[in-house]
Amino acid sequence: DMYTGANNLKLNASGGKYTFTYNRSTNKLSISYSAVKYTVTMEAGTGGSAKAGSTSVNLGDTTTITATPSAGYHFNKWTIGSNATIMSGSTTSTSVTIKVSGNVTCTASFTGNSGTVKYAAGTGGSVSNSGENSVTYPTEKKSTATASTGYTFSKWTISGGTKDTDYTISTGSTTSATIGIK
């Protein structure tokens, strides 16, 4: 990658491109250098976004990639193409610094938060989907209350968690409820 010319001119050609222009009328040689630039392409699966500090990076330079989950999701991992090396962080870190050696695609994956929804009936009735139900965002679990003979449905009571922070609830009618994990 080295060129040695007359009068011991030495150039290191790695990591860039040299252009030589000779002007015959002035008998002068001009040399210009341009760094090799590569593209960092960012992709994100359902449930979040991904960005790079710079998407146009010189050969051998670094950029930081960051994954941000949407509400109801958490970051899972990065899939980073072979033209990048992780300099700090890991594939399970939301923020990673990579060294670029060619065009590279970095993909962030996300997973829906999960939890348990438990439906139970009090005296004088029953509920569908009784017991513990595993739920992963954005999926919801519906239950319908049925009053026994001689009883009427009163209300749904929720314990644990904070509405709109930990779970969502919607009612299709007074006797049905749909709960989802956030």
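**Entry 1: a threonine**

I found the backbone nitrogen of Ser-54 2.9 Å from a polar atom of the Thr-63 side chain. The model is predicted, so I used local features only at pLDDT of at least 70 and side-chain atom pairs only at pLDDT 80 or more, while totals for chains, interfaces and linings use all residues. Residues are numbered from 1 along each chain as its sequence is written, and side-chain values use heavy atoms, with hydrogens and water left out.

I placed Thr-63 in strand S8, residues 62-69 (strands are DSSP runs of E, at least two residues, numbered from the N terminus). Is Thr-63 buried or exposed? Thr-63 is buried, at a relative accessible area of 5% (buried means under 20%, exposed over 50%, partly exposed in between, with a 1.4 Å probe and protein chains only). Beyond its neighbours within four places in sequence, Thr-63 has contacts (heavy atoms within 4.5 Å) that include Val-40, Ala-52 and Ile-98.

**Entry 2: strand S12**

I looked at which strands pair with S12 (pairing needs at least two DSSP bridges). Strand S5 pairs with S12 in the parallel sense, over five bridges, and Val-40 has Val-104 as its bridge partner there. Strand S9 runs antiparallel to S12, with seven bridges; Thr-79 stands opposite Thr-107.

In a regular strand the side chains alternate between the two faces of the sheet. The covered face of S12 includes Val-104 and Cys-106, and the uncovered face includes Thr-105 and Thr-107.

**Entry 3: a leucine**

I found Leu-29 in strand S4. Leu-29 is partly exposed, at 46% relative accessibility.

Technical notes: Helix = DSSP H or I, 4+ residues; strand = E, 2+ residues; numbered from the N terminus. Polar contact = N/O pair within 3.5 Å; in protein donor to acceptor, adjacent residues only side chain to side chain.
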